[in-house]
Amino acid sequence: MHCILVNSLAHFFKKVYNIVMRKILREKRKTISISIDRSGDLIIKTPSTIKESEIDKFCEEKSAWIEKQQQRQKKIREFKDSFDFDNFIYIFGEKTHPEQINLTYAISQKLKNFDSIYTDLAQNLIPMAKEKAKQLNFQLGTTKLTKSKHFWGSLDRQKNMKLNYKLVILPQRLIDYVIIHELCHGVELNHSPKFWALVKSYCPDYKKLKKELELYAFLFDE
């Protein structure tokens with residue numbers, strides 16, 4: 001794999017998009033793909049033999065998508081900056097000083113070292129999932145917590161659920177959405193129209209909640 005890093009200021013469709021860094025990964029593949037990482041940089045995966053001019057043309061054709069994704073990542077970074085994890089903990093969407101919570105942990109250190117606080121409080125997610133399944137008449141096997149860096153929740157074919165322990169930081173409405181989302185996978189395994197229709201029947205504003213949930217993606221990097 002050949003990797004090239006280039007600073008670029010690209011002109012697409014008579015508009016100027018400031019790409020902080022363009023990273024080209026030349027690989028053994030047949031097509032070009034692009035993505036925007038969480039820092040807003042443009043990542044291009046391309047066949048090893050393709051010309052630079054062809055890469056530029058491809059990016060030009062995808063300029064609207066690039067701008068949209070860069071704005072999305074910028075919004076996430078700004079949202080992240082609104083949190084102060086060094087001095088506060090965030091429980092169910094509320095900013096709380098650690099002294100207000102009855103915990104046995106020492107609170108003299110920086111809270112970024114206090115992963116154990118969230119691990120402990122996240123135990124509350126398990127009865128929440130069980131209660132929601134009972135309330136909506138869904139079958140549910142075991143419920144466990146995970147420290148995955150990739151997903152908020154999952155449900156396997158035996159209807160065993162895993163919930164990311166950092167969900168405890170999020171507002172209750174988003175926790176409920178994630179639980180409902182996973183419970184619906186017990187009926188529809190993929191993200192088909194039938195699946196989203198089922199989610200909507202239990203969570204009418206799921207599209208709004210789904211977008212709000214995206215803002216918390218930075219927690220996977222913490």
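Me: Which residues of H5 and H6 meet each other?
Reply: In this predicted model, the H5 side of the contact consists of Tyr177, Ile180, His181 and Cys184. The residues of this contact divide into eight nonpolar, one polar and no charged.

Me: Where is isoleucine 169 found, and is it buried or exposed?
Reply: Isoleucine 169 sits in the loop between E9 and helix H5 (172-184). Apart from neighbours within four places in sequence, isoleucine 169 has contacts that include Phe85, Tyr90, Phe92, Tyr118 and Leu219. Its relative accessibility is 3%, and the cut-off for buried is under 20%. Isoleucine 169 is therefore buried.

Me: What separates the C-alpha atoms of isoleucine 169 and tyrosine 216?
Reply: Isoleucine 169 and tyrosine 216 are 47 residues apart along the chain. The separation of their C-alpha atoms is 9.4 Å.

Me: In what order do the three strands of the open sheet stand?
Reply: Strand E7 (143-146) and strand E8 (153-155) each have a single partner strand, so they stand at the edges, with one side of each left without a neighbour in the sheet. Neighbouring strands are turned by 20° against each other on average, direction ignored. The pairing is mixed, and the order is E7-E9-E8.

Me: Which residue is the bridge partner of threonine 143 in E9?
Reply: E7 and strand E9 (residues 161-164) run parallel and are joined by four bridges. Helix H4 (residues 125-136) packs on this sheet, touching E7 and E9, and its direction makes about 140° with that of E7. The partner of threonine 143 in E9 is methionine 161.

Me: Why is strand E4 largely enclosed by the rest of the structure?
Reply: Strand E4 (residues 42-47) has six residues. It is largely enclosed because the number of these that are buried is five.

Me: Which residue takes a positive phi in the hairpin of E3 and E4?
Reply: Strand E3 (residues 33-36) pairs with E4 in the antiparallel sense over four bridges, and serine 33 stands opposite lysine 45. Five residues lie between the two strands of the hairpin. The residue with a positive phi, near 95°, is glycine 40.

How values were computed
Residues numbered from 1 in each chain as written. Predicted model: local features only at pLDDT ≥ 70, side-chain atom pairs only at ≥ 80, totals over all residues. Heavy atoms only, no water. Pairing = 2+ DSSP bridges. Axes fitted to C-alpha atoms, helices over the stretch in contact; angles between N-to-C directions. Contact = heavy atoms within 4.5 Å. Buried < 20%, exposed > 50% of the residue type's maximum accessible area, 1.4 Å probe, protein only. Nonpolar A, V, L, I, M, F, W, Y, C, P; charged D, E, K, R; others polar.
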